[in-house]
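Have a look at the model, then read on.

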Amino acid sequence: MTTVLTSLIALLAYLSISYAWTVNTPVSRREVLAGGTSAFVAALVPALPVSAFDGSGSSAYAGKSNAVKDADAYKARVIADAKDFHALGNAIDRGETDGDDWVTFFIQYPRREMDDVGRAYAANLDLVGEDGRGGAGFLLAGTFGKKGKPTETLPQMKQFMALSKTLPAVNAAGKSGDLAKAKKAYAKASESFSSFLKEVGLPESLSDPLYN
């Protein structure tokens, strides 16, 4: 009886977060990522976001492949991720280290449904995937290589890997509520993001109308 009750509580807690994420209900980022509800859910379903991300590099939900395979589709996802990153920068400029724009970029829980460009996760996880591999940025960079050849030395892949290493510092600064560190980390990540966008044939400036 106790096991059944615990499972039901876990399911209800997860569904409440998933619903809030889908309908963009205002929610504290720290509640979702650093404490409160997230801590409760993490104790019951700790590996949900990671286990729902497949090893081939495509976002997966409920065990089903995203089925987004071509470069144009990866590029559309990267553009959407860049939009969310630009919005995060605007939030930091307003002095925010918490709030909807932080949640929209860094939340790890899957969407109930993919968005209109095929993203099953929020921007950060969609862009860099798990451990810096498997996201749309990684996949897009890989399309610039020759079939059957290693991709590690591609300029696009090098820029992607550099970008993926800058984002955790932004997240950490936000979690701690340190605005100065958030601004510094975001500036560094923004520079890397711009370099990556240029390498994959997209407008370099995050102020470009494409990302607004």
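Is Phe-85 buried or exposed? Phe-85 is buried, with a relative accessible area of 0%; buried here means under 20% relative accessible area, exposed over 50%, and partly exposed in between (1.4 Å probe, protein chains only).

## Ground rules

This is a predicted model, so local features need pLDDT of at least 70 and side-chain atom pairs count only at pLDDT 80 or more, while totals for chains, interfaces and linings use all residues. Residues are numbered from 1 along each chain as its sequence is written, and side-chain values use heavy atoms, with hydrogens and water left out.

## The overall layout

The protein chain has 10 helices and 4 strands, where helices (H or I, at least four residues) and strands (E, at least two) are DSSP runs numbered from the N terminus. Reading from the N terminus, the order is α-α-α-α-β-β-α-α-α-β-β-α-α-α.

Of the 212 residues in the protein chain, 45% are buried. Take the contacts (heavy atoms within 4.5 Å) between residues at least 6 apart in sequence: 66% of them join residues at least 24 apart.

## Aromatic pairs

The structure holds 7 aromatic pairs. Rings of Phe, Tyr and Trp (its six-membered ring) pair if their centres lie within 6.5 Å; planes under 30 degrees apart are called stacked, over 60 edge-to-face, and the rest tilted. One of the pairs is Phe-85 with Phe-105, which is tilted, at 5.6 Å centre to centre and 55° between the planes. Phe-85 sits in helix H5 (residues 71-93) and Phe-105 in helix H6 (residues 100-106), so this pair ties together parts that are 20 residues apart in sequence. Phe-105 is buried too, at 0% relative accessibility.

Phe-138 and Phe-160 make an edge-to-face pair, 6.0 Å centre to centre with 65° between the planes. Phe-138 belongs to helix H8 (residues 136-142) and Phe-160 to helix H9 (residues 155-176), so here the parts tied together are 22 residues apart in sequence. Phe-138 counts as buried at 16% relative accessibility, and Phe-160 is buried at 0%.

There's also an aromatic cluster, made up of Phe-85, Trp-102, Phe-105, Phe-106, Tyr-186 and Phe-193.

## H10 against H9

The axes of H9 and helix H10 (residues 179-199) come within 8 Å and cross at roughly 160°. Axes are lines fitted to C-alpha atoms, for helices over the stretch in contact, and angles run from 0 to 180 degrees between N-to-C directions. H9 and H10 are therefore roughly antiparallel; that label needs over 145 degrees, with under 35 being roughly parallel, 65 to 115 roughly perpendicular and the rest oblique. The crossing is left-handed, that is, the near helix is turned anticlockwise from the far one by less than a right angle (clockwise would be right-handed).

Residues of H9 in this contact include Phe-160, Leu-163 and Leu-167, and those of H10 include Tyr-186, Phe-193 and Phe-196. The contact residues split into 14 nonpolar, 5 polar and 3 charged. Nonpolar covers Ala, Val, Leu, Ile, Met, Phe, Trp, Tyr, Cys and Pro; charged covers Asp, Glu, Lys and Arg; the others, Gly among them, are polar.

## H10 against H5

H5 and H10 pack with their axes 10 Å apart, at an angle of about 155°. H5 and H10 are therefore roughly antiparallel, and their crossing is left-handed.

Phe-85 turns up again here: among the H5 residues in the contact are Phe-85, Leu-88 and Ile-92, and H10 brings Tyr-186, Phe-193 and Leu-197, among others.
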